[in-house]
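Please look over the sequence and the structure before reading on.

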Amino acid sequence: MIKIFGLAALIALSACQSSGEFSPDGLPGRASSAAEDVDGLIVGHRLMEGGEYELALRAYYRSMAEQGPTVDALSAIGSANLHLGRLGQADQMFRRAIEFDPEFVPAINNLGVVMVERADWGQAAHLFRTAFALDSGRSEEIRQNLRLALANLENSSYTDENNNNNFALVRRGNGRFLLLATP
């Protein structure tokens, strides 16, 4: 009886050694890496929340390489670039996202934020109006962005002397940003 039990244990151990890898549940088989199990967009969003914009950008590119270009991935890449101050790259990614889905409100709003950063108030106001209309006016952040752009568009005395860059870019939800005036 002891010999049979010992033989069965030896066979079981040799089966485990044949692949050399274990699955996450501890059974023999193909081991999967954490990178294969976790969506790059989720990882990127968490990194963005932690202020790790360069790492988030890498995660978003990895997601796009694995799943192909999606409006979410393009917009997320634009958001990371916006945080890194890469306005040209952010502009390009938001425009690609909008081409992919012309009614994707976060990309339209965030492209408006890029235009605000460039002090292109007319284009920013147009984009915020579009985002506001597509969102049916539900987003307070978009409403505030639109007010800011319209106020600066209408203020003819607004010059670079008056602009001390007293704005803060605040993240609101997945890929949405709000510009707030700071004292």
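The model is predicted: local features need pLDDT of at least 70, side-chain atom pairs count only at pLDDT 80 or more, and totals for chains, interfaces and linings use all residues. Residues are numbered from 1 along each chain as its sequence is written, and side-chain values use heavy atoms, with hydrogens and water left out.

**Helix α5**

Helices here are DSSP runs (H or I, at least four residues), numbered from the N terminus. Helix α5 covers residues 71-83, which makes 13 residues. From the first C-alpha to the last, α5 reaches 18 Å, close to the 18 Å expected; the expected span is 1.5 Å times one less than the number of residues. Because 11 of its 13 residues are buried, α5 is largely enclosed by the rest of the structure. Buried means under 20% relative accessible area, exposed means over 50%, and partly exposed lies in between (1.4 Å probe, protein chains only). Among the buried residues of α5 are Val71, Leu74, Ile77, Gly78, Asn81 and Leu82. Just after α5, Gly85 takes a positive phi of about 80°.

**Ser63**

Ser63 sits in helix α4, residues 53-67. Its relative accessible area is 1%, so Ser63 is buried. Leaving aside neighbours within four places in sequence, Ser63 is in contact (heavy atoms within 4.5 Å) with Asp39, Gly40, Leu41 and Gly68.

**Salt bridges**

A salt bridge is a side-chain nitrogen of Lys or Arg within 4 Å of a carboxyl oxygen of Asp or Glu. By this rule the count is 6. The table gives some of them.

| Pair | N to O distance |
|---|---|
| Arg118 and Asp91 | 2.9 Å |
| Glu140 and Arg143 | 2.5 Å |
| Arg147 and Glu140 | 3.8 Å |

Salt bridges that share partners also join Asp91, Arg95 and Arg118 into one network.

Glu140 and Arg143 both lie in helix α9 (residues 140-154), 3 residues apart, about one turn of the helix. An α-helix has 3.6 residues a turn, so residues three or four places apart point the same way. Glu140 counts as partly exposed at 32% relative accessibility, and Arg143 is partly exposed at 23%.

Methods. Helix = DSSP H or I, 4+ residues; strand = E, 2+ residues; numbered from the N terminus.
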